[in-house]
Amino acid sequence: MTLNNTYNLVCTKEDKDFVLIIRLIVGGWSSVVTCIFGLLGNTFSIIVLANKRMKVLSTNIYLIALAAVNLLWLILFFIFYALRLTIIIPYFISKNQENVHSFYNEMYHQLSPYTIPLMYTLQLCITYYTVAVSYVAVSVDRYLYVSMGLNASQYCTIRNALRIILLLTIVAISFMIPHWFEFRVITHIDNANRTTYIKSYTSIGQLKMFREIVKIYIFIPIVYVIPFLTLIFINILTVRRLIHYHDEHRRLLSISVRQIAHLRTNFNYSRRHRHVTVMLIAVVLLFLLCRFPMLINHIYEARYPTTDNYISKENLYFRCRIQHILNIFANFMQIINSNGNLIIYLLCFQHFRETSKELFEKLLTYMGIQSNDNLSSVTQTRSRGSTLLTAM
């Protein structure tokens with residue numbers, strides 16, 4: 001870490017090389033592989049959840065919306081982040097700057113003022129669907145089912161789920177409008193007479209007030225703090241309600257026959273939905289674990305932007321290494337969050353497993369029929385050929 005002038009410090013070559021290697025391994029190779037699994041997993045989740053036998057619960061409509069927006073975010077992340085880093089960073093490490101100015105890289109810089117706010121919008125939709133819909137609203141759904149039994153069906157309908165999803169999508173898009181004015185593209189012609197494009201802050205994005213108000217005092221509470229606290233509170237209520245019904249089931253032998261029949265009806269209904277509740281609680285824990293690093297990263301990015309050239313002596317090591325590594329790790333954890341839902345569905349969601357097994361059996365049966373048809377057509381063709389040779 002070297003001194004640039006009396007008041008400003010710059011990162012050393014060792015710092016930059018270290019960050020490049022971490023970015024290549026975690027942000028490049030690992031992210032590419034994880035994104036591919038995520039794309040396949042979310043596509044599979046949408047296919048299973050969209051099955052007729054799965055759409056009877058409004059919960060599954062929320063999960064379809066969550067899988068769809070996760071899929072869109074992974075596509076953009078794969079194209080503009082993971083794959084790009086895998087291709088570009090080796091040239092930086094080898095000091096071969098010729099291939100850095102590729103069409104792919106220039107396209108990224110040209111589109112970055114639009115892809116960045118678009119990915120922010122998708123992330124906000126993921127947060128809202130996960131916290132306010134798929135986990136808060138769905139936990140309310142579960143809470144109503146467990147506490148109200150069959151009477152909850154009039155509130156937890158597919159139509160209401162679609163209305164909530166549409167409303168939250170509009171809110172997310174509206175809230176992210178200021179971020180579309182944060183970045184711009186600067187055209188630059190280098191010594192080799194090549195036109196390059198550089199992402200830069202607009203006059204609005206450069207304002208310290210914009211970074212503090214929009215990114216800290218509004219973005220963080222609305223996107224993270226309030227949904228997280230609401231999510232935790234509702235799920236605590238749900239868990240307590242499940243424990244209550246478990247205790248009631250244990251007391252069935254010591255009460256009257258009429259009470260037994262009444263409690264058993266409610267308990268059996270709640271038991272059919274208990275696996276859904278357990279699945280949602282697991283998804284909540286995964287979400288909190290994977291999104292918390294991004295919350296910390298947003299706070300530090302708003303306070304110390306990575307594009308800011310000024311580095312003080314007090315935060316030199318943090319700015320040169322830790323902040324970049326935190327950003328890489330936070331983005332990778334978001335990919336894990338988008339991938340992990342399928343694993344939780346398969347482990348905790350019995351109806352999802354049964355539907356998946358049924359679809360696989362149909363696929364294998366279809367492939368077997370196609371294989372038999374192809375074999376029959378080949379056999380008939382050979383038989384005709386043999387008949388023609390005999391006749392000749």
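Predicted model: local features only at pLDDT ≥ 70, side-chain atom pairs only at ≥ 80, totals over all residues.

Mentor: Of the 392 residues of the chain, 45% count as buried. The secondary structure comes to 8 helices and 4 strands, and read along the sequence these follow the pattern β-β-α-α-α-α-β-β-α-α-α-α. Among contacts in the chain with a separation of 6 or more, 77% come from residues 24 or more positions apart.

Now to the part itself, where helix α2, residues 58-93, meets helix α7, residues 316-348. In general, a pair of packed helices is described by the angle between their axes and by the distance between the axes. Here the axes come within 11 Å and cross at roughly 140 degrees. Angles over 145 degrees would count as roughly antiparallel, and those from 65 to 115 as roughly perpendicular, and α2 and α7 are therefore oblique to each other. As for handedness, α2 passes α7 in a left-handed crossing.

The residues that make this contact can be followed on each helix in turn: α2 contributes L63, L66, N70, W73, L74, F77 and Y81, while α7 contributes N327, I328, N331, Q334, I335, S338, N341 and Y345. Sorted by class, the contact of α2 with α7 holds 9 nonpolar and 6 polar residues, with no charged residues.

How values were computed: Residues numbered from 1 in each chain as written. Heavy atoms only, no water. Axes fitted to C-alpha atoms, helices over the stretch in contact; angles between N-to-C directions. Helix = DSSP H or I, 4+ residues; strand = E, 2+ residues; numbered from the N terminus. Parallel < 35°, antiparallel > 145°, perpendicular 65-115°, else oblique. Left-handed = near helix turned anticlockwise from the far one by under 90°. Contact = heavy atoms within 4.5 Å. Nonpolar A, V, L, I, M, F, W, Y, C, P; charged D, E, K, R; others polar. Buried < 20%, exposed > 50% of the residue type's maximum accessible area, 1.4 Å probe, protein only.
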